[in-house]
Structure formats: C-alpha cells, structure tokens
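The sequence and the model are shown first, and a description follows.

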There are 2 protein chains.
Amino acid sequence: MNESVSGVGIVALDVPPRARNSVYPEPFASYVSRRSKRVLGDLFGLSNFGVNLTSLLPGGRSALRHAHALQDEFIYVLQGRPTLYTDAGGHVLEAGMCAGFKAGTGDAHHLVNETDETVVFLEVGDRTPGDRVSYPDDDLVATATPSGWLFTHKDGSGY
Amino acid sequence: MNESVSGVGIVALDVPPRARNSVYPEPFASYVSRRSKRVLGDLFGLSNFGVNLTSLLPGGRSALRHAHALQDEFIYVLQGRPTLYTDAGGHVLEAGMCAGFKAGTGDAHHLVNETDETVVFLEVGDRTPGDRVSYPDDDLVATATPSGWLFTHKDGSGY
C-alpha cells in the first residue's frame, strides 16, 4: 500500500501497523512499546491532518502525557476501555466515546489501557507548522521542524 | 453542551444533532434531508479541523457529490453499509472501513445509504481558508468565506 488510494474505501485493520512504533528517544520509546499505529490518513494522500487507528495492548499507553501548542487532537474509542488522563486526573472511556484536545490549553493528556483487553481508537491531529509539545511529567520537549519532531531536554540539551 | 469540554470524554451519540441540517440552497438542502450531523470537534473547542458523527437514514445522502480544492476529508464507517460514489462509480463500504479524499484531485465523492438500515460514520475535514468546492453533477459552486460557505450557480450568479 505505498501508493495513494484517495477515494477508495479500505478496511482499516488490513493496514499494517507502521514499522517504527515511536520517534521518542529512550527511555520514552519503550514507554509506548505496547501501542501500535495503523497510519490511515497518509495512505489516502491526506496532508492537512493525520488519522491513525491505534491499538493499545493491556498496559499500553497512547503517548507520554502531553499538550500541543498549536495542533488540535481528537480521539474516538472503537473498542475497549482506555483511561484518559488529563491534568484533572483519569476517567475511563468506552466504545462510542470521544474526546478532543484543543491546542494551546496546556492541559496534557494520554490514554492508558489499564484493562486486560485490547483498546482500539481513532486519533486525528492536524499538522499546523511550528507546533511545540510539552510533557509535564517528563524531561522532554518536542518541536515540530520541516523534517519531523525534534526532541530535547527541558533545558534545551539534546538526547 | 454550549461550553467547550476540551479533555473530557463524552458519548458521541448523546450529542444532539445540529439544528440546521444543511447550509445548501434549495433544492439541494432537501436532497440531504435524510442525514443528520452531530458536531463533535467544535464541542471540544477544536478549530483546525471538524469532526462530525453523521447518520444517514435509508435513502440518505451525506452531501451532493463534491470535491474540495484545498481541504482534505476522511470518513470511517461505524455502522451500516453506505455506498461511496466517486468519479469511478460506486462501491459499498461497511463498518471498519474508511476512505480519504485528498484535496485538489477533482475526484468528487459522496456517500449514499441504499440499504434499509441506518448508516453511521465519522467525518473529518480540515478548515484550510480559501477552499472552493465543485459539484460535477449539479449547478453549484461553494466558496469558503470568513463568515461561511457562499453558494452560487456555476455562472457565478447567486441563489
């Protein structure tokens, strides 16, 4: 599936999970080792936003808890019961529930699978240039660059 | 639910369908009278893209068949079997299938519910300014303006 299939319907679960699971530096990449992402939007040649079908095995996390400065995010739960953590704490979601994360609020979020069953959800995020991601629980900052995310320590030093 | 609930999970089907079902001029508004849209993204204060949970009763259509110049679109089928029509013809989708519509291809699309059961899908579209929508089957052109969509005949005259 290397060629764009704009306008053709596909079975989302037939898309192979992406080979490189995380672009985080260690130890953060290992923190999300029990998630996998099927990249859907790019498959159709979409460039203004990304859509992934993301699975979390038991114990899996969607990401480090994070907040975007400029990019909005949206998730829709298809299967399982992930716990959504924000600055306000955790609450359990189930299939048919959704949440949105407005850019610039500073309220950091992630999903954690604290159950024994796989969680599957859709995630959408736009690609506004110049984004910056903050991680209140970790010594990490991400800055969007034309060639991808640049990760540094909070003091600006590199990984 | 007038207030933004960024970061809080909600049950998508609990959101009331939007009151005004279509901004098309007649006779096109009636053409989509058997669809309803629950506006999800705006509820969380998202502004870079929109997400709707859209239902099509039997005979319902998602939209006039259309193509965006600048805005990407994505749909994910949650329930039922909508037929996706593009310039290439129709094919039937089912739950778990998705499709993306890259901006600028000129390939026009819509979904039609040709079954006896309700179709439910998620639709995502970004809000790139200056978009223009073409409708190959109808005497209609839409142009994005800061105050919303402006609809004209193909000769530029108003509705």
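How many residues lie between E11(B) and E12(B) in the hairpin that they form? The hairpin of E11(B) and E12(B) has six residues between the two strands. The model described here is a predicted one.

## The four-strand sheet of chain B

The strands E11(B) and E12(B) belong to an open sheet of four strands in chain B, ordered E4-E11-E12-E13 with antiparallel pairing. At the edges of this sheet stand strand E4 (67–68) and strand E13 (148–152) of chain B; each has a single partner strand, so one side of each is left without a neighbour in the sheet. Strand E11 (residues 132–134) and strand E12 (residues 141–145) of chain B are paired in the antiparallel sense over three bridges. Within this pairing, Arg132(B) is placed opposite Thr143(B) in E12(B).

A further hairpin leads from E12(B) to E13(B) through two residues. These two strands, E12(B) and E13(B), run antiparallel and are joined by five bridges. Opposite Val141(B) stands Thr152(B) of E13(B). Is Thr152(B) buried or exposed? Thr152(B) counts as buried because its relative accessibility is 14%, which is under the 20% limit for that class. Not counting residues up to four places away in sequence, Thr152(B) touches Asp139(B), Leu140(B), Val141(B), Ser157(B) and Tyr159(B).

## A sheet with strands from both chains

An open sheet of six strands has the order E2(A)-E3(A)-E10(A)-E5(A)-E8(A)-E1(B), and its pairing is antiparallel. Its edge strands are strand E2 (35–39) of chain A and strand E1 (10–11) of chain B, each of which pairs on one side only. Inside the sheet, E3(A) and E10(A) run antiparallel and are joined by eight bridges. Ser55(A) is found opposite Val120(A) in E10(A). In a regular strand, side chains alternate between the two faces of the sheet.

## How the two copies are related

Chain B can be laid on chain A by a turn of 180 degrees and a shift of 0.0 Å along the axis, with an RMSD of 0.0 Å. The two copies are thus related as by a two-fold rotation axis. Of the interface residues of chain B, 100% are also interface residues in chain A, so the copies meet through the same surface.

## The largest nonpolar core

The largest nonpolar core holds 32 residues, among which Leu40(A), Phe74(A), Leu40(B) and Phe74(B) touch the most other members. At least two residues of this core come from each of strand E3 (49–56), strand E5 (73–79) and strand E10 (119–126) of chain A, and from each of strand E3 (49–56), strand E5 (73–79) and strand E10 (119–126) of chain B.

Which residues are in contact with Leu40(A), leaving aside its neighbours within four places in sequence? Its contacts in chain A are Ala12(A), Val15(A), Val51(A), Asn52(A), Leu53(A) and Leu122(A), and those in chain B are Phe74(B) and Cys98(B).

## Cysteines without a disulfide

A disulfide is a covalent bond between the sulfur atoms of two cysteines. Over all chains, the count of disulfides is zero. The cysteine sulfur closest to that of Cys98(A) is in Cys98(B), 18 Å away and therefore too far for a bond, since the limit is 2.5 Å. Both residues are buried: Cys98(A) has 0% relative accessibility, and Cys98(B) has a relative accessible area of 0%.

## A buried arginine

Arg65(A) is located in the loop between E3 and strand E4 (67–68) of chain A. With a relative accessible area of 13%, Arg65(A) is buried. Its side chain makes a polar contact of 2.9 Å with the side chain of Asp137(A), and also reaches the backbone oxygen of Ala108(A) at 3.0 Å. Not counting residues up to four places away in sequence, the residues that Arg65(A) touches include Tyr85(A), Thr86(A), His109(A), Ser134(A) and Pro136(A).

## Cis peptide bonds

In chain A, Glu26(A) and Pro27(A) are joined by a cis peptide bond with omega of about 10 degrees. Pro27(A) lies in the loop between strand E1 (10–11) and helix H1 (28–31) of chain A. In chain B, the peptide bond from Glu26(B) to Pro27(B) is cis, with omega near 10 degrees, and Pro27(B) occupies the loop between E1 and helix H1 (28–31) of chain B.

Terms used:
Residues numbered from 1 in each chain as written. Chains lettered and ligands numbered in written order. Predicted model: local features only at pLDDT ≥ 70, side-chain atom pairs only at ≥ 80, totals over all residues. Heavy atoms only, no water. Core = buried A, V, L, I, M, F, W, Y, C linked by side-chain atoms within 4.5 Å. Buried < 20%, exposed > 50% of the residue type's maximum accessible area, 1.4 Å probe, protein only. Contact = heavy atoms within 4.5 Å. Least-squares fit on C-alpha atoms with pLDDT ≥ 70 in both. Polar contact = N/O pair within 3.5 Å; in protein donor to acceptor, adjacent residues only side chain to side chain. Pairing = 2+ DSSP bridges.
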